[in-house]
Amino acid sequence: MSQALARYAAVVVGVVVVGGLLMSLIFHGPGDSSAIWTSGAAAVALQLAAFAVGRVAGRAGLMARMGAGALVRFFGLVIYALVAVLALKLPAVAALVSLATFLFLSALLDPLLIKS
């Protein structure tokens with residue numbers, strides 16, 4: 001694991017932990033907690049995949065890198081919506097709002113970490 005990827009993973013995990021704790025204050029229905037933390041794990045996996053794809057696409061330029069990462073996040077969210085709600089039977093609102101929030105907050109940090 002490269003140093004840049006390890007630093008990025010640490011930042012994403014920090015965002016997910018803080019965001020998950022705050023989301024747990026908002027969503028406290030049956031199954032919401034497991035939906036939030038499952039979404040957190042999915043967010044970390046998606047962000048690391050987006051970072052890796054972005055590193056490969058980065059040879060074409062900054063916009064290609066950010067666009068490739070955005071596509072990974074978008075398709076990951078769509079697939080997660082199907083898996084979480086239909087297969088895992090997680091509460092849809094808590095699962096999807098938390099995943100979208102985690103992805104959005106950690107994507108905001110991309111420009112700060114993208115040059116590494």
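Q: Leaving aside neighbours within four places in sequence, which residues is Ala43 in contact with?
A: They are Val12, Val16, Leu99, Phe102 and Leu103. Contact means heavy atoms within 4.5 Å. This is a predicted model: local features need pLDDT of at least 70, side-chain atom pairs count only at pLDDT 80 or more, and totals for chains, interfaces and linings use all residues. Numbering starts from 1 along each chain as its sequence is written, and side-chain values use heavy atoms, without hydrogens and water.

Q: What makes a set of residues a nonpolar core?
A: Its members are buried Ala, Val, Leu, Ile, Met, Phe, Trp, Tyr or Cys, joined through side-chain atoms within 4.5 Å. Buried means under 20% relative accessible area (1.4 Å probe, protein chains only). The largest core here has 22 residues. Ala43 is among those that touch the most other members. Helix 2 gives the most to this core, seven residues.

Q: What is the nearest side chain of opposite charge to Asp32, and how far away is it?
A: It is Lys89, 15 Å away. Asp counts as negative and Lys as positive. A salt bridge needs a side-chain nitrogen of Lys or Arg within 4 Å of a carboxyl oxygen of Asp or Glu. Asp32 has none, yet Asp32 is buried.

Definitions and conventions. Buried < 20%, exposed > 50% of the residue type's maximum accessible area, 1.4 Å probe, protein only. Helix = DSSP H or I, 4+ residues; strand = E, 2+ residues; numbered from the N terminus.
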